[in-house]
There are 2 protein chains.
Amino acid sequence: MNKQFVNELADIKTDFAQWYTDVILKTDMVDYGPVKGTMVIKPYGYAVWENIQHYLDKEFKKRGVQNAYFPLLIPESYLKKESEHVEGFAPEVAVVTYAGGEELSEKLIIRPTSETIICEMYAKWIKSYRDLPMVMNQWCNVMRWEKTTRPFLRTSEFLWQEGHTVQASNEDAKKDAQEMLKVYSDCLRNLMAIPTLTGRKTEKEKFAGAVETYSLEAVMKDGKCLQAGTTHNLGQNFAKASNIRFLNKNGDLEYGYSTSWGVSTRLIGALVMVHGDERGLRMPPNIAPIQAVIVPIANHKPGVNEKCQEVYNKLNKAEIRVKFDNSDNTPGWKFNEYEMKGVPVRLEIGPRDIENNVLTAVRRDTHEKVQINLDNVVSELNDLMHIIQDNMLKQAEENLKTAIVETDDFDELVKAVNDGKVVLSYHCGNNECEEAIKQKTTIKTRVIHSYNEAHKCIYCDKSSKYRIYFGKQY
Amino acid sequence: MNKQFVNELADIKTDFAQWYTDVILKTDMVDYGPVKGTMVIKPYGYAVWENIQHYLDKEFKKRGVQNAYFPLLIPESYLKKESEHVEGFAPEVAVVTYAGGEELSEKLIIRPTSETIICEMYAKWIKSYRDLPMVMNQWCNVMRWEKTTRPFLRTSEFLWQEGHTVQASNEDAKKDAQEMLKVYSDCLRNLMAIPTLTGRKTEKEKFAGAVETYSLEAVMKDGKCLQAGTTHNLGQNFAKASNIRFLNKNGDLEYGYSTSWGVSTRLIGALVMVHGDERGLRMPPNIAPIQAVIVPIANHKPGVNEKCQEVYNKLNKAEIRVKFDNSDNTPGWKFNEYEMKGVPVRLEIGPRDIENNVLTAVRRDTHEKVQINLDNVVSELNDLMHIIQDNMLKQAEENLKTAIVETDDFDELVKAVNDGKVVLSYHCGNNECEEAIKQKTTIKTRVIHSYNEAHKCIYCDKSSKYRIYFGKQY
């Protein structure tokens, strides 16, 4: 390992936060925007988002979800229609007061999320049970004001998708919320090689205005949890606030049952913090913007560049996301660059390889070298990428398993969480008890593991309501 | 033709504006948003936009364009850096003055376009000629305040893509602007079956801050032009304003040469107004959200629904965008519905068709009926869609040709434009002369046809600079 290169990044073990910032900036995933709290998503970061979009959009459409686009600006009065919702979001909205050279008669807020405006439109469109379910999604930007910036993790503006459904019954709304949670956790597992803890949030931690919120939590390498996506069963709360009523099959007017669900560019942060190592990013092949990079060795020798180009063409034609770096940087510089960028496979081609009709493939996940016959390069590289994808998921699963500690002792819980663990224990389900834990230790509940009344609450000694994960979070 | 259904729409010949509004609302492409000037793009309209995105994104990537995402909010001071730019846009921006519960120290504007913020970032990223060209694009929302709303054509918020390049020379910047104009006109022609007039805009009509602006103009059925996309060679104007400098090959610091180019959801309006007829929309197959709809005839008869489903499965598997409407509406209702929605092919399947192992395909463009053998349904439908696509382009080309009138007489020009024509004539290229024409008649120049100094200006009698199109516009 070349110290000179590695030292560009802070030490992942002793300063994880700085390592994260170093990695995302130095790999050209992101930069800070001019206004505090904002980020610029650069092409290498945006390509990750595009791969997430591509995967999810296909899964949505398979399930009959239709994309649409609702306005950015929401009349301030809309936000106030659902009382819990306005409490949750009012403190962090950005407000437009002037437009077209004039002061506006009603202030407009930049959407922090779109339940209020979408439900207002749904109320206009939904008349009868025949109009249900109504199932739309939008890919868009949202804004929740922040004074500090942690790119991808916490920024004023971020990109996301927000799905919104209205069903004719609470059961169907609940089913939507649960099914989308599954779609998200499959996306993280299959595309990003990230295993998650999934389940309901507590009453205290649920979304402002929801009946129940489900979340998927990924555990980062420092043991902190990252809420990677949420789905909400909103019951009739927003339907009542916006007057979404439909004629049911009996001819009676009934309020609809709505849901919403979203994932955001936070997922890019999760990808970095679940898989990265001391050398930089590690991208699972399924989501990697560059799946393989071809590095010529001794490319002044005749035939080397030509062979590289030939291999590039083959792989490119087979729809492998391949890059051929024929710049005049040294091979050593290129090795370091693409390791830091987390490219899953490096393909080295030099004069001796060409003589033997092979190339040398170097895995980013294990640093192992594999010789591949040039005649079978497409199929062997595809096989290798499958192996890497599986291995990275396995590693992440082991990390997740190692991060979880079970205890019934509160002091142990606090110590474990502060040591970078996620704790699985029992809780009474009482808001005040949960708040007391947070006040005392800053530790919050993550998601409910299972309902279980046979134990005692880890904090207040009342009888338990559920097993639940505790941890620190991004 | 069933009068009862057709009368739902205003008459396209006598009230084109109302016809447009009727069509886009009744086909569920769009709805009005709650704030004046805003629209909600509904799934049937958004699907058109997705098809445009899909086509263009692929063309961009073939040319090395990388997608990125820049912040929505731009510090007010940035807008002021390029003097013509601020003059052009300041009157129509929406301004955020409060955020996170506090008044902001600097006002932030919602991007009307992103040259200023993107160039600011480019200035940070570009150091040497090795960093050039820099070629990025973003798909995003922008805002230019409007008090009236014409969905897709004129709304405060709309969706678009904006590409921004920096090159090391003016020639390369000019080439970018011209190449992207070609990409756009190919997209309109190949995907949307819309022929366009392409060329430079005059000094007077160019983009605020550009050295030269190129435009593609589509001619609607009422003879008005619609600026369907623009590309700008910005020269060093924005590079100087944002201090984008690079070390050139001689080791000297030089300002970069930038371009920008964009198309927006306006294109959906063009699609409606180029192809629509008295019955509603007509979608060219390549862009149609639904390419073919299966309507069962006498579907209470045994086997009809099953056969329809079988055909649906076959077509769906062949990636034809097909819908099977097995709702309990009457066939007549369905015929009208999908004609209004402009679905290019209706596939009728009834008991007699099944006996003969055929279906009846009805073309939206000509109303012709064609029998298709069920064994070859995929290939025959694909062939038919090619024919329809070609025919719709041919019809649109004929309409365009008919709309253009050549004259050297100014009174004739005015009369022709007011009669719904586009006039090709000669102009001196003088700003004041062009302004005088506009003041007197509201008629503007569209794009330069060719440079030609051998004639006289149609208005002022000075010698001509170019042949140019005049017309009214959306």
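Predicted model: local features only at pLDDT ≥ 70, side-chain atom pairs only at ≥ 80, totals over all residues.
**Arrangement of the two chains**

Chain B superposes on chain A by a rotation of 180° with 0.0 Å of shift along the axis, at an RMSD of 0.0 Å. The two copies are thus related as by a two-fold rotation axis. Within chain B, the C-alpha nearest the axis belongs to B:V96, at 2.1 Å from it.

**The interface**

The contact between the chains involves 40 residues of chain B and 40 residues of chain A. On the chain B side, at least two residues each come from β2 (39–41), α3, β3 (66–67), β4 (73–75), β5 (94–99), α6 (115–125), β7 (134–143) and β8 (157–167). The most is given by β5(B), with six residues. By class, the side of chain B that touches chain A consists of 25 nonpolar, eight polar and seven charged residues. Of the interface residues of chain B, 100% are also interface residues in chain A, so the copies meet through the same surface.

**The seven-stranded sheet of chain A**

Chain A contains an open sheet of seven strands in the order β3-β7-β8-β14-β11-β10-β9, with mixed pairing. Its edge strands are β3 (66–67) and β9 (197–200), each of which pairs on one side only. Strands of a sheet pair through backbone hydrogen bonds, either parallel or antiparallel.

| Strand pair (chain A) | Bridges | Residue pair |
|---|---|---|
| β8 (157–167) and β14(A) | eight bridges | A:Q161 and A:V263 |
| β11(A) and β14(A) | five bridges | A:G235 and A:S258 |
| β10 (212–219) and β11 (225–235) | eight bridges | A:Y214 and A:T231 |

Strand β14 of chain A (residues 257–264) has eight of its eight residues buried, so this strand is largely enclosed by the rest of the structure. The cover extends to both faces: A:Y257, A:T259, A:W261 and A:V263 are buried on one side, and A:S258, A:S260, A:G262 and A:S264 on the other.

**A buried helix in chain B**

In chain B, 10 of the 10 residues of helix α9 (residues 266–275) are buried, so the helix is largely enclosed by the rest of the structure. The buried residues run from B:R266 to B:H275, and include B:L267, B:I268, B:L271, B:V272, B:M273 and B:V274. An α-helix has 3.6 residues a turn, so residues three or four places apart point the same way. Among the elements of chain B that cover the buried residues of α9(B) are the helices α2 (16–26), α3 (43–62) and α13 (377–403). Strands β10 (212–219), β11 (225–235) and β14 (257–264) of chain B also contribute to this cover.

**The nonpolar core**

In soluble globular proteins, nonpolar side chains tend to be buried together. The largest nonpolar core here has 285 residues, and A:L347, B:I294 and B:L347 have the most contacts inside it. Leaving aside neighbours within four places in sequence, B:I294 is in contact with B:C308, B:V311, B:Y312, B:V322, B:F324, B:D325, B:L347 and B:I349.

Methods: Residues numbered from 1 in each chain as written. Chains lettered and ligands numbered in written order. Buried ≥ 20, exposed ≤ 12 C-beta atoms within 10 Å, placed from the backbone. Helix = DSSP H or I, 4+ residues; strand = E, 2+ residues; numbered from the N terminus. Contact = placed C-beta atoms within 7 Å. Pairing = 2+ DSSP bridges. Core = buried A, V, L, I, M, F, W, Y, C linked by C-beta atoms within 7 Å. Nonpolar A, V, L, I, M, F, W, Y, C, P; charged D, E, K, R; others polar. Least-squares fit on C-alpha atoms with pLDDT ≥ 70 in both.
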